[in-house]
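Visitor: Could you give me a close look at just one part of this? I'd like to hear about the contact between the chains.

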Amino acid sequence: MYAAATESLIKQAREIKEEELQRFCGRIFKQLHTKDVSGDTVDSLQRLNLIVSATKYARELPSDLVMKLQTVLRSSSCPEQLQVLSSSIIRESSPPSVHSLCSDPSHDSRTFSYVASVVLTQVSHILESRLSDGQISRHTLPILSKMITAYPEILTDDQVNLVSRKLVDWLRYASMQQGASMSSGGFFSGPRTRQPAPLTEVDGVVVGNFFTVLCVGQSYTEDQWMNMYTFSMIKTLGFGVCCNVLCCGADDRSEVDSSVMSMVSATSSSSRLLPPKERLREKAFEYCQRLIEQSDRKALKKTDTELQKACIIESVSIMDIICGEDPSYVYRAFPCIKALYGRLNGDLTYARALLPIAQFYLNHSETAAVDSEAVFCQLFSHCPAEQFNEPMLAFEFVQFCLLNASVLQDRVANYRQSFPNLLKFLAWNSSGLIEEFVELLPSLIAPDTAIELLHTILDLPCLAAALDLQQRYMTLQTTDQPMRCCCRSVAACLDAFRQPLYRGLFLYILRPEAGTGDTIDRLKMLHEILADMSESPRVVRCAQVVPVLLQVYFNTVTQKADEKMMNQMLLVLLERNSLLYNIKTFNVEVQKVFSTHLQALCRLHPPLIVDQSREILEFASSPANIYSKEDFYTHVVWVIGEYLSVSYDPRCTVELITSFFESLEAVLFEITQVRQSASPPSFSPRLVTVLMTTLAKLATRSQDLIPRVSLCLSKMRTFARSAPVMACYSEEDTEEIITRAHELINLLKLPNVAQFVLAPSAGGDSPRWHRDTNASLPQGMRAVSGLLHRHSSFLPT
Amino acid sequence: MVVCFLIHTVCPVSALSAGETRVLYARVFGPETGDACDFTPEQRRLMQKERLHVVARQVRSAVALSREASGGSSVEAVLGEEAAALGEADSGVFSLGNAELFPDRSVVLWLGVQSLAFTLVCRPHENLLLAEGTLRNIARHCLEELRLLGPGAEVLLKSDRVDALLHRLLPHGQLLFLNHRFTLALDKEIASYVSK
């Protein structure tokens, strides 16, 4: 497809020298002046087009050539190909200011606005005066649409009315007959047989109502083309592009009440009395209603079926906007929308059309006092589970949630309960949807399901694997062809998926709703079954987004969590550390997030240590935890040293401190045993220093422990100087261990100073500590630095 | 409304580093809003080219991820097998979070056909189903009129054909609701343009 020849052509185009280019331009200029347009001219122009668009920097073309190209562009007798090429070349080349009235950058915005309105007046004059010559109108309508999108205030009221009237004509009163037939009709057909045939609907039935984009004919008249163009642009031309319009309908109740009266009178028969903008609204509404009816027909061609779906989506969306502008339409719209929903519900091929319908319900069901629960139940409970693998639907669904997150949180009961279903979209397409989910996740956090959500996020890669298996299983059931497989061992996982023994595990992970339990007991088994899939691309990508989601989760929850939830979260951190799906760097990354948030949690609520002392003690006592999760373990030890104190929690007894001390002391002894046959340490020096410091901190709070810790610390020198350690750690690290041990021993000789340095109370950063001469930091510092000076014999009595 | 249309490579290109892409065709439907007034036209053109490259690179990585996740590679189609190539094509969508690229979180719709991708950047809240259909239609025409399944360089030299077909199928970036008869009429116009 993309060959070396193409690459070299680009290179040539970029590297053409300036003089050569000018010569080439000169040649083209001469060619354009000859009467006939030869293939050579077109060829040259095509090459010039490539040259000017191939570089990032604009090429300067001689102004006489540019003027000539503009002439070509403006002349309607020139073949279209020359116009296309001229337009493209002028757009891409420099200088750009020659051809446009509006591109002088020195114009201030007010001047520009006037200049632009001149251009627009011309456009609307063209529209007005060239009505019969529809060819021009067909091409100016998109321009008008673009201008209104870019500069909504650019049209005057008169121009708006004029445009609205024209649009109504095209939309509602286009011809009902086919255009003049292009085909000759065959040898035997005379003029009589060439009568314009009637238009048909997409299913072949003769059209009985006004013309729309879903009407089919051999050829179309100009106004039928304009009908199609108008509908395609009605959102911008009729209502202006504005996302705010999609938001809630009438807030003002009194407005709604008065509009109940006007509802009766706003029928189509009296619409002639409406001002142009309102009349356009009315006609657009009728058009949408007709399209919705027409979409019920069974189209003969597949492309028409797809168009019907697009028409449904557009029509519902337009009706939504209209109802937002004028709430009296809500009563007319709802029966139509409800019937449509009834028709489409359950048809998987129309799932994407359910989203604008749901948006409509969200915006207007309160106005119309219609119950919308069933719609959202269907939407959140079934749609994601059945179609998580449709990329477009997934994207649109998530965008819908994002756009309406606050409303959904407040008014739709099962939105937050449906997070297991919604996360299926993310599990399947992690890289494509992670940005959206980072924004969406906070809206899914509810007090009673927050912990379950945490577990679900941690098991997101399992979900990805399970969904993959589910898809393969379903493909096998329906066809004989297995899905394209990327790892051979998937077959083993697939077997497990089919076994009744593991049914419960998969049912849990693939559940549609929260509330059945935070997690399952046999999670480890699930991880083992899915072990073979841990390298599949989808699972690996999913694992990469989990740490990001965890950060968002913790940042959101810790702001609002109460004491009970913080306790639960701490337990999850301790428990899930060893219970993660084994994917390459997944464990390490998740651990990092856990460590950060462990610190944050304890800092926010120090009594947690005492609340969960049993679990923390159990965790800290086992050296096995060091080897598998060193980083997290180090943080746990640090947190113990920092917050296990009576100043943070009055329930912190001497016994508690002692039991922690003894456990940590035992761990330190075990890992620093010096034996001839000992293997080099597999943990980092930081762990040793943190353990030493924590033990020292605990000792200052229960001073009977000081002799024990001093003994312990005195052994560190031997440890650090032993052969395996010297071989493993760097010189600076061993020095650090020795120095730290030495400092701590010396510090502990002065228990009060040690207490101050190692475990300041919570008020340690208040100004008192710096200004009060009896208890200030500088004095403490002086004492300590005197102590630590190696050659000092300074020892106060 | 569509902001721009691109044709670019998604295969490794020898002259470029891995992950880079060569933009073979780019059409931006102006006017662009949101640009600061104190850039020269030169600078604005450069910025626009850079933006398009960023989008193309993001599509390249999205295509690679999608193909990796779905596993396996399909058979390469050759000239004459355009319909098969389109049938096998992968497609996807993502939003451009960075507001400096294109305003208001524009949406990128892509269609990957073998070593090339066709990309549409749309404004948010656009009718994506219609955009998808339009993109497929444009891609079909491009594959046929530019003989993209062959080794030639028509995509560079005959890019006026793309301009002409965009002029009809996506006038000034406007998506059209075309039933099969409207499509047929426009196909005829395009065919007559190409044959000249």
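Guide: Let's start with buried area: that's the accessible area, taken with a 1.4 Å probe, that two parts lose on being put together, summed over both. In this predicted model, local features need pLDDT of at least 70, side-chain atom pairs count only at pLDDT 80 or more, and totals for chains, interfaces and linings use all residues. Residues are numbered from 1 along each chain as its sequence is written, chains are lettered from A and ligands numbered from 1 in the order written, and side-chain values use heavy atoms, leaving out hydrogens and water.

Now for the contact itself. Between them, chain A and chain B bury about 7100 Å², and 60% of that lies on carbon and sulfur atoms. Chain A puts 83 residues into the contact and chain B puts in 81, where contact means heavy atoms within 4.5 Å.

What about charges? Eight salt bridges link chain A and chain B, each one a side-chain nitrogen of Lys or Arg within 4 Å of a carboxyl oxygen of Asp or Glu. One of them pairs A:K56 with B:E50, and their closest N and O atoms are 3.3 Å apart.

You'll also find 28 residue pairs in polar contact between chain A and chain B, both residues at pLDDT 80 or more. That takes N or O atoms within 3.5 Å, one able to donate a hydrogen and the other to accept it. On the side of chain A that touches chain B, there are 40 nonpolar, 20 polar and 23 charged residues. Here Ala, Val, Leu, Ile, Met, Phe, Trp, Tyr, Cys and Pro count as nonpolar, Asp, Glu, Lys and Arg as charged, and the others, Gly among them, as polar.

How values were computed:
Polar contact = N/O pair within 3.5 Å; in protein donor to acceptor, adjacent residues only side chain to side chain.
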